[in-house]
Amino acid sequence: MATRVFGNFRALMAAAKSSSTSSAAVGSKEPKGILKVVPVSPQLSEFVGASEVSRSEAVKKVWQYIKLHNLQNPANKREIRCDAKLKTIFNGKDTVGFLEIAKLMNQHFVKSA
């Protein structure tokens with residue numbers, strides 16, 4: 001037991017329990033939601049270079065590609081100018097708003113039963 005002083009009062013406190021068992025259980029759970037690795041469409045698979053990817057990783061790779069190739073409209077940073085490679089995953093659109101990216105990519109993730 002440890003003694004701590006709070007203001008003018010002393011309190012006895014028990015030692016904290018070790019969380020080694022609970023952290024092992026947390027680490028063994030498989031990811032869910034946007035972190036879950038799922039099969040993707042052939043177009044997105046070709047873009048990211050993998051047949052299965054998480055939604056967050058796919059969006060991250062799209063943004064890396066956009067930044068690398070300087071595809072943001074300099075006058076309006078919220079607008080993405082699509083090149084031929086981006087058009088394959090964005091339904092052939094010439095420009096896409098950055099809020100549309102996740103919605104347009106949604107069709108490329110295979111729905112699981």
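Ile34 sits in the loop that runs between helix H1 (20-28) and strand E3, in a model that is predicted. Ile34 is exposed, at a relative accessible area of 52%. The protein as a whole has 113 residues, of which 24% count as buried.

- Leaving aside residues up to four places away in sequence, Ile34 touches Ser54, Arg55 and Ser56.
- Ile34 counts as exposed because its relative accessible area of 52% passes the cut-off of over 50%.

**Overall fold**
- The protein contains 5 helices and 6 strands.
- Read from the N terminus, the order of elements is β-β-α-β-α-β-α-β-α-β-α.
- Among contacts with a separation of 6 or more, 27% join residues 24 or more positions apart.

- In soluble globular proteins, nonpolar side chains tend to be buried together.
- The largest nonpolar core here has 21 residues, and Leu44, Val62, Leu86 and Phe90 touch the most other members.
- Two or more residues of this core come from each of H2, helix H3 (55-68) and helix H5 (101-106).
- The most is given by H3, with 4 residues.
- Beyond residues up to four places away in sequence, Phe90 touches Val62, Cys82, Val96, Ile101, Leu104 and Met105.

**Cys82**
- Cys82 belongs to the loop between strand E5 (79-81) and helix H4 (84-87).
- Cys82 has a relative accessibility of 11% and counts as buried, because that value falls under the 20% limit.
- Not counting residues up to four places away in sequence, the residues that Cys82 touches are Lys87, Phe90, Lys93, Asp94 and Val96.
- Cys82 and Thr95 are 13 residues apart along the chain, and their C-alpha atoms are separated by 5.6 Å.

**Ser41**
- Ser41 lies in the loop that links strand E3 (37-39) and helix H2 (42-48).
- With a relative accessible area of 13%, Ser41 is buried.
- The side chain of Ser41 makes polar contacts with two side chains: that of Gln43 at 3.2 Å and that of His108 at 2.7 Å.

**Aromatic rings and charges**
- The protein has 1 aromatic pair, formed by Phe47 and Tyr65.
- The ring centres of Phe47 and Tyr65 are 5.2 Å apart and the planes stand at 70 degrees, so the pair is edge-to-face.
- Phe47 is in helix H2 and Tyr65 is in helix H3, so the pair ties together parts that are 18 residues apart in sequence.
- Phe47 and Tyr65 are both buried.
- Lys85 lies over the face of Phe47, at 5.2 Å from the ring centre.
- Arg55, one of the residues that Ile34 touches, lies over the face of Phe109 at 4.4 Å from the ring centre.

Definitions and conventions
Residues numbered from 1 in each chain as written. Predicted model: local features only at pLDDT ≥ 70, side-chain atom pairs only at ≥ 80, totals over all residues. Heavy atoms only, no water. Buried < 20%, exposed > 50% of the residue type's maximum accessible area, 1.4 Å probe, protein only. Polar contact = N/O pair within 3.5 Å; in protein donor to acceptor, adjacent residues only side chain to side chain. Contact = heavy atoms within 4.5 Å. Core = buried A, V, L, I, M, F, W, Y, C linked by side-chain atoms within 4.5 Å. Phe/Tyr/Trp six-rings, centres within 6.5 Å; stacked < 30°, edge-to-face > 60°. Lys NZ or Arg CZ within 6 Å of the ring centre and 35° of its normal.
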